[in-house]
Amino acid sequence: MLFEVEGLRVAFPDRSRNKLFGAPPMIEVLHGVDLAVGSGESVAIVGESGSGKSTLARALLRLNEPSGGVIRFEGRDITHLAESGLRPLRRKMQIIFQDSQSALNPRLSVGAILAEPSICNGLVRNAREARERVMELLDLVGLSPDFYDRFAHQLSGGQRQRVGIGRALALDPSVIVADEIVSGLDVSVQAQILRLLDDLRRSRGLALVLISHDLSVVRATCERVVVLRQGAVVEAGPTADVFADPRNAYTRRLLRAIPLPVVDPEWIHRVQLDEDAEAA
Ligand SMILES: Nc1ncnc2c1ncn2[C@@H]1O[C@H](COP(=O)(O)OP(=O)(O)O)[C@@H](O)[C@H]1O
Ligand SMILES: [Mg+2]
């Protein structure tokens, strides 16, 4: 198992009730969540806004510290591991966020953004190797070499997400956590990005944790789905089973919220890749 999460609890200080002295009271946001992600597996985390999806994603990667429960990564308990202990693990677990505009440094070229992780981690010895690595990454995410010199503001939303994915791949991670990364993109561009992630997962043995409030996104991409409601798991299982026979009323409600009456689970494989249309 890549990730094993048992009884995970996360709490934040309640700023609305700030006390003059002492620590503010805590509000619990995740109330004992169980989750398992096998290596090379694709798992979706779905739920309405505010259900705790991003908090769970950040906890998995130990970007916040749990107040209870256990997180194991590759069999090792990382629940309270200090930053120095986490550092060597960080390159194996990468996260990509929705807001690709602000996630990419506007002052750096795509080439510099993609070179940075390899340079910082000493994976390349000189400028030539860094450039070669960037060209490999551009190719992996389906961007032509002339993207090397472009800047984030010159890219479409889909292209920015490709750069984000390329940067996440730079350190050859064993898992990518993608938090709402196709929200706000056109449906055909969504399909291209999801298919890219799925192809990368299969070809590189990468695990994918895909977070979305949109079940049609999840259905096309993930093998298993975990449904979160108010910080607790209300349903979990193989995606096809959950979609065919949702046991929980909340899951049925989420399914009814899908804008299309019938969602074709194969839709990502049908949409034609059309980079030019996207760039236009
Ligand atoms: N850093 C934080 N401090 C305080 N409350 C937070 C913090 N992050 C998230 N929350 C609260 O936790 C709950 C779940 O948020 P989040 O995990 O972002 O949900 P989702 O990603 O499903 O929309 C929300 O009520 C949110 O206000
Ligand atoms: Mg979120």
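Ligand 1 is surrounded by Phe12, Val29, Glu48, Ser49, Gly50, Ser51, Gly52, Lys53, Ser54 and Thr55, where a residue is near a molecule if one of its heavy atoms lies within 4 Å of it. This is a predicted model, in which local features need pLDDT of at least 70 and side-chain atom pairs count only at pLDDT 80 or more, while totals for chains, interfaces and linings use all residues. Residues are numbered from 1 along each chain as its sequence is written, chains are lettered from A and ligands numbered from 1 in the order in which they are written, and side-chain values use heavy atoms, with hydrogens and water left out.

**Around the ligand.** The shell of ligand 1 divides into two nonpolar, six polar and two charged residues; in this classification Asp, Glu, Lys and Arg are charged, and Gly counts among the polar residues. Helix 1 (residues 53–60) supplies the largest share of that shell, three residues, helices being DSSP runs of H or I with at least four residues and strands being runs of E with at least two, numbered from the N terminus. The table gives polar contacts, which are pairs of N or O atoms within 3.5 Å; within protein, one must be able to donate a hydrogen and the other to accept it, and residues adjacent in sequence count only if both atoms are side-chain atoms.

| Residue and atom | Distance to an oxygen atom of ligand 1 |
|---|---|
| Ser51, backbone N or O | 3.2 Å |
| Lys53, side-chain N or O | 2.8 Å |
| Thr55, polar side-chain atom | 2.5 Å |

Of the 560 Å² of accessible area that ligand 1 has on its own, the protein covers 54%, as computed by the Shrake-Rupley method with a 1.4 Å probe.

Four strands, in the order 2-1-4-5, form an open sheet with antiparallel pairing, two strands being paired if DSSP finds at least two bridges between them. Strand 2 (26–37) and strand 5 (76–77) are the edge strands, each pairing on one side only. Strand 5 is joined to strand 4 (residues 68–73) by two bridges, and Phe73 has Arg76 in strand 5 as its bridge partner. Helix 1 packs on this sheet, touching strand 1 (3–13), strand 2 and strand 4, with contact meaning heavy atoms within 4.5 Å.

**Arg90.** Arg90 is found in helix 2 (residues 83–90) and touches Leu61, Arg62, Leu63 and Glu83, not counting residues up to four places away in sequence. A polar atom of the Arg90 side chain lies 2.5 Å from the backbone oxygen of Leu61, whereas the C-alpha atoms of Arg90 and Gly22, 68 residues apart along the chain, are separated by 33 Å.

Definitions and conventions:
Axes fitted to C-alpha atoms, helices over the stretch in contact; angles between N-to-C directions.
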